[in-house]
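Biologist: Could you take me through this model? I would like to begin with the contact between the chains and then look at individual helices and strands.

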Amino acid sequence: MTANITLGQFLPGDSCVHRLDPRTKIMLMVLYIVIVFVVDTLWVFAVPCLLLVFMFIMARVPASYFFSSLKPMRWLLLFMFIINLFSTSGDTVLVQWWIVRITQEAVLRAVFFTLRLVLLIAGTSILTLTTSPIMLTDGLEKLMSPLRRIHFPAHELAMMMTIALRFIPTLMEETDRIQKAQMARGADFESGNIVQRAKSMIPILVPLFVSAFRRADELAMAMESRCYHGGEGRTRMRELHFHTGDLTASVLLCAVLAGIEILERLPL
Amino acid sequence: MPIQIEQLSHTYMPGSALAYPALSDITLTINDGEFLGIIGHTGSGKSTMIQHLNGLLQPTGGRVLVDGLDTREKKLRKKIRSLVGMVFQYPEYQLFEETVAKDVAFGPKNMGLEENDIHERVFEALTLVGLPPERFAEQSPFELSGGEKRRAALAGILAMRPKYLVLDEPMAGLDPRGRAEILSLIESLRSTNGTGIVMVSHSMDDVAMYADRIAVLDCGGLFMEGAPEDVFSRGEELLKMGLALPQATRLVYALRARGVELEHNYYRMDELQSALIRRWNA
């Protein structure tokens, strides 16, 4: 059961996208989302589609990751598609049967929204595929640090994220162990109706929480005994630096955004 | 009937890039009422192997028969798990109920026993592990001390009255007194109920003291198997594998190095002691 959870799903590598500064990548991902939302005409989607392909190639991420990034969202995508297909009103009727009425406008709209969602999911997965969780939190911390002036706990937040990420595998292992121990006592997690199944989780959840609290306590103690006192005056082992690649990537994405703005205004 | 392990192999995540062969071609029989010690250093496959004994893991090659029941068959697993009690490392972390009695009753309840029968078993198991029910039954398991928690968890397994008891490092993290209590409990289970014991341990002295037979695992394979005197007579090989030797054996080696000849390779302190006394008196 531990095998099918790919949280963070980081794919180690040394492509130019991997080497980008995490701050740049986070900001560019925001820009990418803006780009996807700015597109208003179906055919202009060709631009972000090409951009996505370009990103996948530059990051040297196998195409199979494109599909696996969509897989957890497949039901949402299908749902979105169907809702848009049946709820959009229009004049050019394609299919009319009983209460079902599908119009050309509806089909276009359904394709439009589904495509937008696909681009969003697949594009943002590039960020998590090419950035290790640690780099990601480092980048977030740096980006949020100006907010410290208004007493926003940027460092603490980043530290919490790092710790949470660090403990996911540990807790997964723990869950596995507890589950096995209870199975050895004849616990059954696979049969019964939904209420019985939910109830059968109690013997796993209670020990899991107890151990999570114990671990949290021990970790806090260990951090304190090594004089951890928050972010004040704390130096870093990995310093973040911008390089020329960061500039190139930023210029490129800004150019794409400008290009889309122009294309949208063309009288086509 | 025994537990028969036939050409057991196990690979984690087979067919993926992360495939990892943990066990290969292990054939071993665990007889009724026998005390089998399993030794091997970290990563040798001990934990993987014992999880096959009650069908928590299924073999990727070969098979495991518990009293003739194949662990690969899903329908038999519940029966197998009531035959083979499994005590994991740090079993106290599996306690979850509000009271000790309820927690101990979890196993028997899953077996679908009658209320009266469950009550009787809980009472019996708690008494057996040295937690008098009148004092402990209604306590919260989270209020007990470390050693008491461990014994409460053990009672949870014993209440299922398993025919075989598999223990993974049952004494880890206990003080000497706690260790002695658990060991004597295990030993008395075997002598009074005839429960077969499989114990994984890093303590060579405990294994030497109690086991009838020892299986040594190395890199996922069965390196050797036999009576303690045979296994510990191959001390050199054990040391090469990164395992330790029982204190008595080490003392025998040290005495030999200084020219004290002993007729046997002793592995139990008590036997070595009387041998030395005999020698002194002679």
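Predicted model: local features only at pLDDT ≥ 70, side-chain atom pairs only at ≥ 80, totals over all residues.

Biologist: How many residues of chain A are in contact with chain B?
Modeller: On the chain A side there are 17 residues, in contact with 20 residues of chain B. Contact here means that the C-beta atoms of two residues, placed from the backbone, lie within 7 Å.

Biologist: Which element gives the most to that side of chain A?
Modeller: That is α8(A), with seven residues. Both α8 (154–184) and α10 (202–225) of chain A supply at least two residues each. Helices (H or I, at least four residues) and strands (E, at least two) are DSSP runs, numbered from the N terminus.

Biologist: And what is that side made of, by class?
Modeller: It has ten nonpolar, three polar and four charged residues. Ala, Val, Leu, Ile, Met, Phe, Trp, Tyr, Cys and Pro count as nonpolar, Asp, Glu, Lys and Arg as charged, and the others, Gly among them, as polar.

Biologist: Turning to α11(A), which of its residues are buried?
Modeller: The buried residues of α11(A) are A:Ala249, A:Leu253 and A:Ile260. A residue is buried if 20 or more other C-beta atoms lie within 10 Å of its own, exposed if 12 or fewer, and partly exposed in between. Seen down the helix axis, the buried residues of α11(A) fall within an arc of 30 degrees, so they line one face; the arc is that of the directions from the axis to the C-beta atoms.

Biologist: What covers them?
Modeller: The cover includes α2 (22–38) and α3 (46–58) of chain A. On the other side of α11(A), the exposed residues include A:Thr244, A:Leu247, A:Val251 and A:Arg265.

Biologist: Which residues touch the most other members of the largest nonpolar core?
Modeller: They are B:Val104, B:Ala155, B:Val166 and B:Val198, in a core of 81 residues. Helix α6 (residues 146–158) of chain B supplies the largest share of this core, six residues. Apart from it lies another core, of 20 residues, among them A:Val17, A:Tyr32, A:Ile35 and A:Leu127. A nonpolar core is a set of buried Ala, Val, Leu, Ile, Met, Phe, Trp, Tyr and Cys residues joined through C-beta atoms within 7 Å.

Biologist: What does B:Val198 touch?
Modeller: Not counting residues up to four places away in sequence, B:Val198 touches B:Ile30, B:Leu36, B:Ile38, B:Ile50, B:Leu53, B:Tyr164 and B:Val166. B:Val198 is buried on one side of β8(B) with B:Gly196 and B:Val200, while B:Ile197 and B:Met199 are buried on the other. Five of the five residues of β8 (residues 196–200) of chain B are buried, so this strand is largely enclosed by the rest of the structure.

Biologist: Which strands pair with β8(B)?
Modeller: Strand β3 (residues 35–39) of chain B is joined to β8(B) by four bridges, in parallel, with B:Phe35 partnered by B:Ile197. Strand β7 (residues 164–168) of chain B also runs parallel to β8(B), over five bridges, and B:Tyr164 has B:Gly196 as its bridge partner. Two strands pair if DSSP finds at least two bridges between them.

Biologist: What about β1(A), how many of its residues are buried?
Modeller: The count is zero among the five residues of β1 (residues 93–97) of chain A, which is hardly covered. β1(A) pairs with β2 (residues 100–103) of chain A in the antiparallel sense over four bridges. Their hairpin has two residues between the strands, and A:Trp98 there takes a positive phi near 55 degrees.

Biologist: Finally, where does A:His151 lie, and is it buried or exposed?
Modeller: A:His151 is in the loop between α7 (133–144) and α8 of chain A. A:His151 is exposed, with 6 other C-beta atoms within 10 Å, and its phi is near 60 degrees, a positive value in a residue other than glycine. Most residues other than glycine have a negative phi.

How values were computed:
Residues numbered from 1 in each chain as written. Chains lettered and ligands numbered in written order.
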